[in-house]
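Have a look at the sequence and the structure first.

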Amino acid sequence: MSAPLTSLDRPNSYIGRSVPRPNAKRLLAGRGRYVSDLKLPRMLYAAFLRSPHAHAKIISIDIERARALEGVHLVATGADLAKICTPWTGTLDHFKGMTSSPQLPLPLDRVVWAGQAVVAVVAESRAIAEDALELIEVDYEDLPVVVDIDGAREAGGPLINPGSANNICFRSQLDNGTVDDAFAHAAHVVEEEFSFGRHTAVTLEPRAIVADYDPAAGMLTVHHATQTPYQFQDLYSRHYGIPEARVRVIATDIGGSFGMKLHVYHEDMAVVGLSILLGRPVKYVADRIESFVSDIHARDHRVRARMALDAKGEILAMDVLDLTAIGAFSTYPRTSVVEGNQVIRLIGAPYRFKNYRASLEVIFQNKVQTSQYRAVGHPIACAVTERLVDMAAAKVGLDPFAIRAQNVIADDAYPQTSPTGYRFEALSHQACLKRLHEMMDYDALRAEQAELRKRGVYRGIGIAAFVEITNPSPAFYGVGGARISSQDGAIVSLTPSGEVRCLISVTEQGQGTEAIISQIVADQLGLAQEHVKVVTGDTEVTPHGGATWACRGAGIGGETALRAARALKRNILEIAALILQEQPSALDIIDGEVVDAATRQQRLPIAEIARIAYFRSDTLPPGTQAQLTVGHHFAPQGYPFAFTNGIQGCSMEVDVETGFIKVLKHFIVEDCGRVINPMLVDEQLRGGIVQGLGAALFEECRYSETGQLVNGSLADYLVPMPMEMPDIVIAHVETPTADTELGAKGCGEAGTAAASACVLNAVNDALTPFGATINSIPITPAKVLKALKRF
Amino acid sequence: MKARAFSYFRAATIEQALDAHALVGDDARFIAGGQSLVPALSLRLQAPRLLIDITHIGELRGVRREGGFLRIGALTRHCEMLSEPLIAEFAPLLQAAAPFVAHPAIRNRGTFGGSVALADPASEFPAMTLALDAEIEIAGPSGSRRIKADDFFIDLFETALQPGELITAIYVPLFKADQRFAFDEMARRRGDYALVGCGMLATCAGDRINDIRISFFSVGNTPTRVKGAEATLIGSSLNSERIAAAQAALEGDLAPPENDEVPPAMRLHLARVLLGRLLGRLGESA
């Protein structure tokens, strides 16, 4: 007996199918073309002298010996670049009252973090440029350094930005319902203070840029390893005063980004200026040591939170204070307050309660900037919520699954508004919870845990429910005045040979964007996928759009491609109908052939339609103008954001003598709406979970009291490696959004959102027999041994 | 980062290598596997004028028996510690330690002599030369000499090697039928420098330990033998009381340095746990 036919059994049905990504073979064969592979004629190389001080006044800079070195073409200071580049400020209007100092490519008189670029050298080779750096003498005068949250908030303490009243960047408050009343009448209250260390993206390919200014044409071309070429086209145009149409940003192959490659970096802005000053291409590739001190970092939060419950374990209220330190500036153009903002708005998101109060305080300090990085704010919101839920379960005497089942918003209760004001279209917490329970074989795991404890083996089981924010509308940046698009554009053409080319504004960084776009276009048009060529990442070729961030590639980019493909199909069938003397509605396209819609009988290859339209238009009826290139833009409407949800679980073992943790197995049930390519979704979830486990157990940017990053190398900053990673078991629930035809939401951040919360809960579960608790991430052997009072 | 410019000389013999070094003096460095030196050059932590490549010197290669010793040529690569049958038979402690030395790509290039010469206190092999009571053969401007591992490691990255001298081979006493060994380390990730590591070699008569050498790494400025702990075990049979005594003795043997990530008390605790586990395994292998 064969299974009943599904939509996947129709020809060219690529939506929902695991097809390999077309670019994988090229990249694996070493045929990728990254910015660092690029060699342009007359190209020069930049290197930067960096500040050894976390906070100091620049007294003098002596560049004469560096300038005299053979092979050096330019030595530039902050003053040189300030003449041609206007300053930028990392604030947005919808974050009321936020402040941040103006920034320039290189500082004029003060350095504010250790590792900040101070002087640029451009030379015939990177090695010569570095030789010249050694010949530059900068005289600094130390200023008081602010490194930790408490020091930064101290009244009368040192100020990072002269002229400001304090080191506060932004404050925000939410207060919904009757929080004080709920706590006053609660049967149970649980409370904890959490800390979350800084970490950073550590992309396989570091930041890289080649700026090529042609003074004769007045044209700037920038080859840039970025997620968001249009955003940079706009910024280079405005800050260097070059008309937008004469700025071209090309984002070729990118080796990972995770949000790190969409911020303005001082070196990148400087390189553009250096190319303008020299009239030659200038290349800069951050090396790993530089990446650690200049790529954005993320997290760095301290959260005090409490939760009120009734006697039966019903959550009544939450009250939260999030303090987060972001470095000396707010990042441009997306700011550094979005993470904190999302922390206080995503806390409690899976649950039904209505009384919620939160304060956010965003603080400056003398460290490199933090900003948006994969799962912005989610891991913190999730860990705080889910740990409190577990603590509450223990207090009330409920199993972790039972308390969640009791409190999550019911699957049939949507639409709903969260206590923090987010509007949820449709989520599936109950279905996910049920599926996870089965998938983990939860009762057997608990039985095994009890058995092993008798033998001195301490296993922990943790679960964590989450809500992920995706597909942002203009409510995210546009309303704040940022020229960051929430729409995307696609141009779809039928080639003279009957293939299809799709130029689209969403970009590819290794996650498979091009694969899913070609799947959608092929599916909608009725073509074999290999006959669809997708082109991304060149502002002179692809239409303007938001590109890739906040998991918008599938939901917004995919919908754009879908609608563009449908429009092209209509146009193709119109021509086909004229040729075949039929109504367009009586025709369809299957496998590149126009067919009779009812009988599927083949009538005409689309290659023939292309041939006639392009080369024998004289044979078409008079007045016919074939439109075989279609442009289409799509901006999300309806809900301001799409929300996805899911739940993760993990089983681990804690060595209570050494504090070492071994994650045995990790589970996720995830609902990203329509799944376009299950293999790629699973890859995103696995990668995201591994990044979350890295945060939970290994990754932390550690600073000395003087503001020096003490572990800024891959030997000392521990990224998760395969030997320490568990098998990851994945299941899906599909609740498509009704806001789009495609119904896809997004899946890139779901893994990272809850993995660390899950580990936190599992470790605390393992330590229960000892009465020891952990409230700090990453969970290192030192913290476990401290909690166990072993040293 | 890019290394500063340097000259390069490929020596064909030990003599050529020593002569080249004598000519340039302090500004010369010998290079073999380059797994520590090349990163140091790239970071410009070192900027020698001349690199003397010793990897083509045949006399520095090969593993063979010589009297009561296994002579392990200085250029023996870490990966050969895993594949060389003579090492498996006569220096099994080295074979046991080898999988913990970094990652395969590094083991393919890094050399035994280079690791001992650098004397990184967090490295496995220098510490194992102490446990094995190995002797280090050195060639220099004033001729060749052999020095006990016990006398070789002086301070942080400081050894008995004089400027211009070169390790030519390490001599390891042949493993005997009445000997037992154990090795393990605690690293956050496989292949990382360990938080604490330890290897030991015991000579036993039945349950009784006639002699034992226990060497730790990642516990201080040099690879460290724990003679106090050894003394609590020698002449006794291995039981839980003796193991506890050995663990307690570590407090006098080790003085871990201040470290923001692993405080001294934690490192000492981990050393005790590791010692207890390894001695337990040593007892089981009787």
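In which loop does A:D538 lie? A:D538 sits in the loop between strand 21 (532-536) and helix 16 of chain A; helices (H or I, at least four residues) and strands (E, at least two) are DSSP runs, numbered from the N terminus.

Before going further, please note that this is a predicted model, in which local features need pLDDT of at least 70, side-chain atom pairs count only at pLDDT 80 or more, and totals for chains, interfaces and linings use all residues. Residues are numbered from 1 along each chain as its sequence is written, while chains are lettered from A and ligands numbered from 1 in the order in which they are written.

Back to A:D538: this residue is partly exposed, with 16 other C-beta atoms within 10 Å. A residue is buried if 20 or more other C-beta atoms lie within 10 Å of its own, exposed if 12 or fewer, and partly exposed in between, with C-beta atoms placed from the backbone. The C-alpha atoms of A:D538 and A:L503 are separated by 9.3 Å, and the two residues are 35 residues apart along the chain.

Next comes a pair of helices. The axes of helix 16 (residues 552-580) of chain A and helix 17 (residues 606-615) of chain A come within 10 Å and cross at roughly 85°. Axes are lines fitted to C-alpha atoms, for helices over the stretch in contact, and angles run from 0 to 180 degrees between N-to-C directions. Helix 16 of chain A is therefore roughly perpendicular to helix 17 of chain A, a label for angles of 65 to 115 degrees (under 35 degrees is roughly parallel, over 145 roughly antiparallel and the rest oblique). A:I572, A:I575, A:A576 and A:I579 of helix 16 of chain A meet A:I606, A:I609, A:I612 and A:A613 of helix 17 of chain A. Two residues are in contact if their C-beta atoms, placed from the backbone, lie within 7 Å. The residues of this contact of helix 16 with helix 17 of chain A divide into 8 nonpolar, no polar and no charged; Ala, Val, Leu, Ile, Met, Phe, Trp, Tyr, Cys and Pro count as nonpolar, Asp, Glu, Lys and Arg as charged, and the others, Gly among them, as polar.

In chain B, helix 1 (residues 14-24) has the buried residues B:A17, B:L18, B:A20 and B:H21. They cover an arc of only 160° around the axis, so they are on the same side of helix 1 of chain B; the arc is that of the directions from the helix axis to the C-beta atoms. B:E15 and B:L23 are exposed on the other side of helix 1 of chain B. After helix 1 of chain B comes B:G25, whose phi is positive, near 75°.

Now for two pairs of domains, whose bounds come from an automatic or database domain assignment.

| Domain pair | Distance between C-alpha centres |
|---|---|
| domain 1 and domain 2 of chain B | 19 Å |
| domain 1 and domain 2 of chain A | 39 Å |

In chain A, the contact takes 15 residues from domain 1 and 17 residues from domain 2.

Finally, the contact of the chains takes 20 residues from chain A and 15 residues from chain B. Helix 4 of chain A gives the most to the side of chain A that touches chain B, with 4 residues.
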